[in-house]
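Hi everyone, thanks for coming.

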Amino acid sequence: MGRSLEWSGRRPLHRAGLHPGAWWLWALGLGTAATRTTNPLLLALLIAASAYVVAARRPDTPTAHSYSAFARLALAVLLIRLLFAVVLGSPVPGTHVLATLPEVPLPDWAQGIRLGGRVTAEGLLFALYDGLKLAALLICVGAANALANPARLLKSLPGALYEMGVAVVVALTFAPNLIADVQRLRAARRLRGRPDRGVRGLLHVGLPVLEGALERSVSLAAAMDARGYGRSADVPARVRRTTAALTLGGLLGVCAGTYGLLTAEGGTYGLPVLLAGLAAALAGLHLGGRRSLRTRYRPDRWDVRAWLVAGSGAAVAVLLTLAASRDPEALHPGVVPLVAPALPLWPAAAVLLGLLPAFVAPAPASAPAFRPRPASGSVQPSHTSSLKEPS
């Protein structure tokens, strides 16, 4: 009694950090760059750049610790791709035979597929390049999950996309919460001297994890119902029809414009149709936001640092796309004949632009701690006293 609490931090926790949309744009830019190449050196450089940014700017939140799980998932995908190349063979012909497995004869309707047979170094190398591209894409998505707060990202969505954004955020937070529950239960079992590995440990951990997921689902449903989720404002029928026409027409225009850009015949009309479709879709989303009764409390600001972070990811994607069109052999090294891949210099320098968020993004802020402050008129205890206050 006789004590009050004060904040020791100087700024609120929810105001710290970067706009979550900037992190997602940066990660999507790196992921797009990963799909433009199969060069293992460039892919390894992309993975290293994302890992460095995560290590430098990852906050201390439950969702931030999901990056290691995405890294393990990427490693599992790479190993499965290599296993398929060994068991099912590879379409790449090779002369360097590493092993010869017993081949299983298949019926005529399964022509083109084989089980077993020769395992060549060229086939394994081709599978390694292909699997490493998918692994890099998964790691970039894991970096976005670790750096961006899904709840803050939901606040930044337009009103017309709020319901869909809630579903996406719930889906994105399911895996990090599940991983946090598994880690917490395994640590508790280790403290009790019980096994936490193997099939037996997995069975004992699985039931509490599923129970926790069910409790979170019920709590989320109750919270959404208490906040009036799903309510919409009354708008005139004319506005509703205009919104639907603009949104549907805009999406069709985006599809037609994208198809025109990807084909040689539609090169003249592709870009104008794409821009007109984007404008119509954005107008439809703006009108659709009138139905939302949601208000934003202290929305995140898109400042200069957010532009730099998002721009660095977009620059990496654009430069790697240009490099893939101008020098495809450097970004897609062949495996026949069997030669070591070379590191192209200016595409590698473009990948290094992805390290910019590690220097321009704000440092992750820890939660401000409560510090006891004596009330007026009370005697302050000496700092040299070794006595502890009773709880």
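Predicted model: local features only at pLDDT ≥ 70, side-chain atom pairs only at ≥ 80, totals over all residues.

If we skip the neighbours within four places in sequence, Ser312 is in contact with Trp26, Leu353, Leu356 and Pro357.

Staying in helix H10, have a look at Val316. Val316 counts as buried because its relative accessibility is 0%. What does Val316 touch, not counting residues up to four places away in sequence? The list is Leu30, Ala33, Leu46, Ala350, Val351, Leu353 and Gly354.

Let me zoom out for a moment. The chain has 13 helices and four strands. It has 391 residues, and 32% of them count as buried. Take the contacts in the chain with a separation of 6 or more: 80% of those are between residues 24 or more positions apart. The accessible surface of the chain is about 24200 Å², and carbon and sulfur atoms make up 66% of that.

Now on to helix H1. How far apart are the end C-alpha atoms of H1? They are 23 Å apart, and that agrees with the 22 Å that its 16 residues should span at 1.5 Å a residue. H1 is mostly covered, with twelve of its 16 residues buried. Among them are Pro20, Trp23, Trp24, Trp26, Leu30 and Gly31.

That brings me to the aromatic rings. How many aromatic pairs does the structure hold? It holds three. Take Trp23 and Trp26: their ring centres are 5.9 Å apart and their planes are at 80°, so this pair is edge-to-face. Both of these residues belong to helix H1, which covers residues 20-35, and they are three residues apart, about one turn of the helix. Trp23 and Trp26 are both buried, too.

Another pair is Tyr52 with Phe359: here the ring centres are 6.4 Å apart and the planes are at 40°, so the pair is tilted. This pair links distant parts of the chain, with Tyr52 in helix H2 (residues 40-57) and Phe359 in helix H13 (residues 357-360), 307 residues apart. Tyr52 counts as partly exposed, because its relative accessibility is 44%. Phe359 is exposed, since its relative accessible area is 59%.

Which residue caps the N-terminal end of H2? That's Asn39, with a side-chain oxygen 3.0 Å from the backbone nitrogen of Leu41. The buried residues in H2 include Pro40, Leu42, Leu46, Val53 and Arg57.

While we're on arginines, there's a buried one in another helix. Arg189 lies in helix H6, residues 162-191. Arg189 is buried because its relative accessible area is 11%. Apart from neighbours within four places in sequence, Arg189 is in contact with Arg194, Pro195, Asp196, His204 and Val205.

One last stop, on the backbone. Most peptide bonds are trans. Here, though, a cis peptide bond joins Val336 and Pro337, with omega at about 0°. You can find Pro337 in the loop between helix H11 (328-331) and helix H12 (345-351).

That's my tour, so over to you for comments.

Definitions and conventions
Residues numbered from 1 in each chain as written. Heavy atoms only, no water. Contact = heavy atoms within 4.5 Å. Phe/Tyr/Trp six-rings, centres within 6.5 Å; stacked < 30°, edge-to-face > 60°. Helix = DSSP H or I, 4+ residues; strand = E, 2+ residues; numbered from the N terminus. Buried < 20%, exposed > 50% of the residue type's maximum accessible area, 1.4 Å probe, protein only. Expected span 1.5 Å × (residues − 1). Areas by Shrake-Rupley, 256 points an atom, 1.4 Å probe, with all protein chains shown as cover. Polar contact = N/O pair within 3.5 Å; in protein donor to acceptor, adjacent residues only side chain to side chain.
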